[in-house]
Amino acid sequence: MNELQLSKRLECVANYVTEGSKVADIGSDHAYLPSFLYHQGKITFAIAGEVNQGPYESALNQVRKCHYEDVISVRKGDGLAVIENGEVDTITIAGMGGALIVQILEAGKAKLSGVTRLILQPNVMADKIRIWLKSNGWELTGEEILEEDGKVYEVLIAEQGNPDAPYSENKAVQLLLGPFLMKEKNAAFQKKWRSEIESWKRIVAQFSEAKQTEEVKQKKQEFQTLIQNVEEVLST
Ligand code: SAM
């Protein structure tokens, strides 16, 4: 990867950045995403935020190597703390777990008032992000799921709007699978959820062998319902 060539995963994130945006890429590491976006002429300004020294230095080196210092500001700090109010209209956070992304958004809520678009790429637990967006006035406007090097990644796009808009009945399943992804059901989606079902089935088998306390019976029932709901989505 470099400023000319991103991974398929980060390219998917880049595709959702609109022309002329000002972007904060939080947890930017090497700053390839903002460098690529500027090289493409898509953005006018970016902040590459990093909390850790090593990745912060590699972001600085990358930006210096490209002579992009005037347009990409590399800043060291935790989450959205590196942004001043009104500096950016788009925030990208990629390559972390969903729980950490939620933690960053929650802690930085005050910095989100002028932001019109979030592009979030959790490696796991995308459902935690959907739940946070829905409770915080953000409308999920698009989703992607893709496979790269044997791993499946999700990308969630959100804008300020009606947080209930993408959801209808059976919200719990939609929050877990993604309302857009479960309509499309592409190969990566099938792969991810078939593999989850297999691991849930192993858990159910372990519960069946355990002492049948009320708690065990209840947990087993919860997993069986989950398996049934997700199998139903995959088969229709
Ligand atoms: N965004 C890049 C990508 O998708 O390829 C790098 C992902 S890397 C796996 C995650 C980066 O997030 C690390 O460089 C880590 O230092 C940074 N990070 C983790 N927690 C952070 C936080 N609270 N604020 C800023 N950066 C954070």
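This is a predicted model: local features need pLDDT of at least 70, side-chain atom pairs count only at pLDDT 80 or more; totals for chains, interfaces and linings use all residues.
Colleague: Why is Phe207 called buried?

Modeller: Its relative accessible area is 18%, and buried means under 20% (exposed is over 50%, partly exposed in between, with a 1.4 Å probe and protein chains only). Numbering runs from 1 along each chain as its sequence is written, and side-chain values use heavy atoms, without hydrogens and water.

Colleague: What makes Trp193 and Trp200 an aromatic pair, and what kind is it?

Modeller: Rings of Phe, Tyr and Trp (its six-membered ring) pair if their centres lie within 6.5 Å; planes under 30 degrees apart are stacked, over 60 edge-to-face, the rest tilted. By that rule there are three aromatic pairs. Trp193 and Trp200 sit 6.1 Å centre to centre with 40° between the planes, so they pair and count as tilted. Both Trp193 and Trp200 are buried. Phe207 and Phe223 also form a tilted pair, at 6.1 Å and 40°.

Colleague: Why say that the Phe207 and Phe223 pair ties parts together?

Modeller: Because Phe207 lies in helix α8 (187-209) and Phe223 in helix α9 (214-235), the pair links parts 16 residues apart in sequence. Helices here are DSSP runs of H or I, at least four residues, and strands are E runs of at least two, numbered from the N terminus.

Colleague: How do you know that the span of α3 agrees with expectation?

Modeller: The expected span is 1.5 Å times one less than the number of residues. For the 13 residues of α3 that gives 18 Å, and the end C-alpha atoms are 18 Å apart, so the two agree.

Colleague: What puts the buried residues of α3 on the same side?

Modeller: The buried ones are Tyr56, Ala59, Leu60, Gln62 and Val63.

Colleague: What makes a nonpolar core, and which residues have the most contacts inside the largest one?

Modeller: A core is a set of buried Ala, Val, Leu, Ile, Met, Phe, Trp, Tyr and Cys residues joined through side-chain atoms within 4.5 Å. The largest has 30 residues, with Leu6, Leu33, Ile72 and Val74 making the most contacts inside it.
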